[in-house]
Every structure is written in structure tokens, then in C-alpha cells.
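Dear colleague,

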Amino acid sequence: MAEIMAAGAIDHRLEHLRGEETLALQVLGVIHEALARPGLSDEATEGLRRLVEAHPDHPEKALLEHLRCIRGSRAA
């Protein structure tokens, strides 16, 4: 349920980009799919949601930072 709620939090960002083929739109789509699917831990879901909020105009930065965090936690 948390995944669906978190995915819904970025739906409004997707709406204003519809019809445009931009990197931001593509990345938001990837983030939306990641948040909507089961399997992402609650911690990772919340972290990704916070990163998207911290980088509202640059979701690619949020995704990159999220992937770095995941890689770092797996290496530890």
C-alpha cells in the first residue's frame, strides 16, 4: 500500500510533462514504476520519495542519488 501511495505522490509531476519527450519525463516514469511495484523496502521507498521532493526539477539527480545509496548499502 505504501508503494502505491508513494507512486501517487509523483503523478502530478507526470501530468504537466505529458506530451513532451524529455529526460525528466522518462526518469519520472522509471521512478513511478519503481515506487508502484512491490519489492522496494519501506526505507528505500521513503528515501526515493524524499529525493524526488528534494530535486523537483531534476528527477534524474534524485534517481542517481538513490542508486548510489543502494549500491553503497549493498557494498557495506
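In these notes a residue is called buried when its relative accessible area is under 20%, exposed when it is over 50%, and partly exposed in between, with a 1.4 Å probe and protein chains only. Please bear in mind that this is a predicted model, in which local features need pLDDT of at least 70 and side-chain atom pairs count only at pLDDT 80 or more, while totals for chains, interfaces and linings use all residues. Residues are numbered from 1 along each chain as its sequence is written, and side-chain values use heavy atoms, with hydrogens and water left out.

The protein chain has 5 helices and 0 strands, where helices (H or I, at least four residues) and strands (E, at least two) are DSSP runs numbered from the N terminus. Of the 76 residues in the chain, 32% are buried.

Helix H4 covers residues 42–54, and its 13 residues should span 18 Å at 1.5 Å a residue, which agrees with the 18 Å between its end C-alpha atoms; the expected span is 1.5 Å times one less than the number of residues. Ala44, Thr45, Gly47, Leu48, Leu51 and Val52 of H4 are buried. Seen down the axis, the buried residues of H4 fall within an arc of 165 degrees, so they line one face of the helix; the arc is that of the directions from the helix axis to the C-beta atoms. On the other side of H4, Asp42, Glu43 and Ala54 are exposed.

In H3, the buried residues are Leu25, Val27, Leu28, Ile31, His32 and Leu35. They cover an arc of only 165 degrees around the axis, which puts them on the same side of H3.

The largest nonpolar core has 10 residues, namely Val27, Ile31, Leu35, Leu40, Ala44, Leu48, Leu51, Val52, Ala62 and Leu63; such a core is a set of buried Ala, Val, Leu, Ile, Met, Phe, Trp, Tyr and Cys residues joined through side-chain atoms within 4.5 Å. Helix H3 (23–36), H4 and helix H5 (59–75) each supply at least two residues of this core, and the largest share, 4 residues, comes from H4.

Finally, H3 and H5 pack at an angle of about 45 degrees with their axes 8 Å apart, the axes being lines fitted to C-alpha atoms, for helices over the stretch in contact, and the angles running from 0 to 180 degrees between N-to-C directions. That makes H3 oblique to H5, since angles under 35 degrees count as roughly parallel, over 145 as roughly antiparallel, 65 to 115 as roughly perpendicular and the rest as oblique.

With best wishes
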